[in-house]
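Please walk through this structure with me, one feature at a time. Keep the model open as you read.

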Amino acid sequence: MSVKPADVAASPRRILPSPKKGAVRSESGKKHVALALQGGGAHGAFTWGVLDQILEDGRIEVEAITGTSAGAMNAVAFTDGLIEGGVEGARGQLERFWRAVSRDALMSPVQRSVVDRLLGSWSLDNSPGYLWFDLFTRYASPYEFNPLNINPLKDILEREIDFARLRSDHHFHLFIAATNVANGKVKVFAREEITVETVLASSCVPFLFQAVEIDGVPYWDGGYMGNPVLWPLFYTCKTNDILIVQINPVERREAPRSAIEIQNRLNEITFNGALMGELRMIEFVTRLIDNGQLSSDRYKRLNMHRVAGGKQLDALTASTKLNAEWSFLTYLRDLGRAAARQWLEAHFTDIGERSTLDLKGMLS
């Protein structure tokens, strides 16, 4: 089934007819999955590692990607590289993109302090540049401190991604989410619509950048309304298996106490909120199908999976989302590779058969 971009934006969130149970396989015998990539600033390098490991493993074929913010950037780099050079093209393009981000950050005044470097801490909490910038953005809007609307990510995206090629006719499905500032709704852009501006809209943190206008409509970071959105995958994918790469922790045992910790936890809850709502809907429909109250011939029974950063990623402070040093990005990449390798070893055989993400336990 094909879905036009306009249809995706307007369609109700209904889980559509499902293929028979069992993994959807390509002609090469690979299992198909759809990927859902969260945003999280520099922590998106963790997702780079997950994608790199999946590509290197070679047993999975990605049928579609939905991404938000840093997840959107990973998604366009992955797709552009895949179109140009297949699996190795995707791996190479992801690395080139993150190298470009790191090179650009060398000129940033927001750098780790000498003490943090000596102690091996990735945090920017003691960086004078970070502390000044954090304070300044609490009292001045980007329209005041950045009237020329300079965004270094725009130059990187224009230089590294061939958007004309990305929009060209291709079997691969790609969706990027942004938040419509005017009506507060999520806007999903399909591959045929994706430009530099749509990716910037998806990653537009309103305290740092001016709203990105597309066709006269202002957009902010898609994480507020979908981090990432899942429902476009219901319409376009043959596979029943969705793998979420989750950067923002759902649960923290200890209550935040400092102002920075409180703000960070509020952001995590907000940026997970829409995703939790969609997962709750999936769990509800799955329960109705299993109880015989909905027909499995008419409704899709999804198998949900997740790769998350675990304790090592959760332990990083909010300021590290602005740390784009190459050594830190490769550290996150390696965390992502290890997490994906562990998930593949434990759950590859489950693809097409069952969920490995306990939605009921997660949502209760």
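Axes here are lines fitted to C-alpha atoms, for helices over the stretch in contact, and angles between N-to-C directions run from 0 to 180 degrees. The model is a predicted one.

Start with a helix pair. Two packed helices are described by the angle between their axes and the distance between the axes. Take helix α3, residues 70-105, and helix α7, residues 152-160. Their axes come within 10 Å and cross at roughly 145 degrees. The crossing of α3 and α7 is right-handed. Which residues of α3 and α7 make the contact? From α3 come Met73, Asp80, Gln93, Arg96, Phe97, Ala100, Val101, Arg103 and Asp104. From α7 come Pro152, Leu153, Ile156, Leu157, Arg159 and Glu160. By class, the contact has eight nonpolar, six charged and one polar residue.

Stay on α3 and find Ala90, which sits in this helix. Is Ala90 buried or exposed? Buried means under 20% relative accessible area. Ala90 has 0% relative accessibility, so it counts as buried. Leaving out residues up to four places away in sequence, Ala90 touches Leu55, Phe78, Gly81 and Leu82. Val181 lies 91 residues from Ala90 along the chain, and their C-alpha atoms are separated by 33 Å.

Now turn to the backbone. Most residues other than glycine have a negative phi, and most peptide bonds are trans. Look at Ser69, in the loop between β2 (60-67) and α3. Ser69 is not a glycine, yet its phi is positive, at about 55 degrees. Its relative accessibility is 10%, and therefore Ser69 counts as buried. Asp215 also has a positive phi, near 55 degrees, and is a residue other than glycine. Its place is the loop between β5 (212-214) and β6. Asp215 counts as exposed because its relative accessibility is 79%. Next comes a peptide bond. The one from Asn227 to Pro228 is cis, with omega near -5 degrees. Pro228 lies in the loop between β6 (217-221) and α10 (231-236).

How many residues line the second largest pocket? The lining has 33 residues, and Pro249, Glu251, Arg252, Arg253 and Asp314 lie nearest the centre. Three elements are listed as giving two or more residues to this lining: α11 (259-290), β8 (303-308) and α12 (310-314). The largest share, five residues, comes from α11. By class, the pocket lining has 14 nonpolar, 12 charged and seven polar residues.

How many cavities of 30 Å³ or more does a search of the whole structure find? The search finds one. The largest cavity has a volume of about 70 Å³. It is lined by 13 residues, and His43, Arg252, Glu268, Leu316 and Lys321 are the closest to its centre. Helices α11 and α12 each supply at least two residues of the cavity lining. That lining divides into five nonpolar, four polar and four charged residues.

How values were computed:
Residues are numbered from 1 along each chain as its sequence is written. This is a predicted model: local features need pLDDT of at least 70, side-chain atom pairs count only at pLDDT 80 or more; totals for chains, interfaces and linings use all residues. Side-chain values use heavy atoms; hydrogens and water are left out. Helices (H or I, at least four residues) and strands (E, at least two) are DSSP runs, numbered from the N terminus. A crossing is left-handed if the near helix is turned anticlockwise from the far one by less than a right angle, and right-handed if clockwise. Contact means heavy atoms within 4.5 Å. Ala, Val, Leu, Ile, Met, Phe, Trp, Tyr, Cys and Pro count as nonpolar, Asp, Glu, Lys and Arg as charged, and the others, Gly among them, as polar. Buried means under 20% relative accessible area, exposed over 50%, partly exposed in between (1.4 Å probe, protein chains only). On a 1 Å grid over the protein atoms alone, a cavity is a set of points where a 1.4 Å probe fits but cannot get out, and a pocket is an open set with protein on both sides within 12 Å along at least five of seven lines; lining residues have an atom within 4 Å of a point. Grid points are joined across faces, edges and corners, and a volume is the space filled by probe spheres set on the points.
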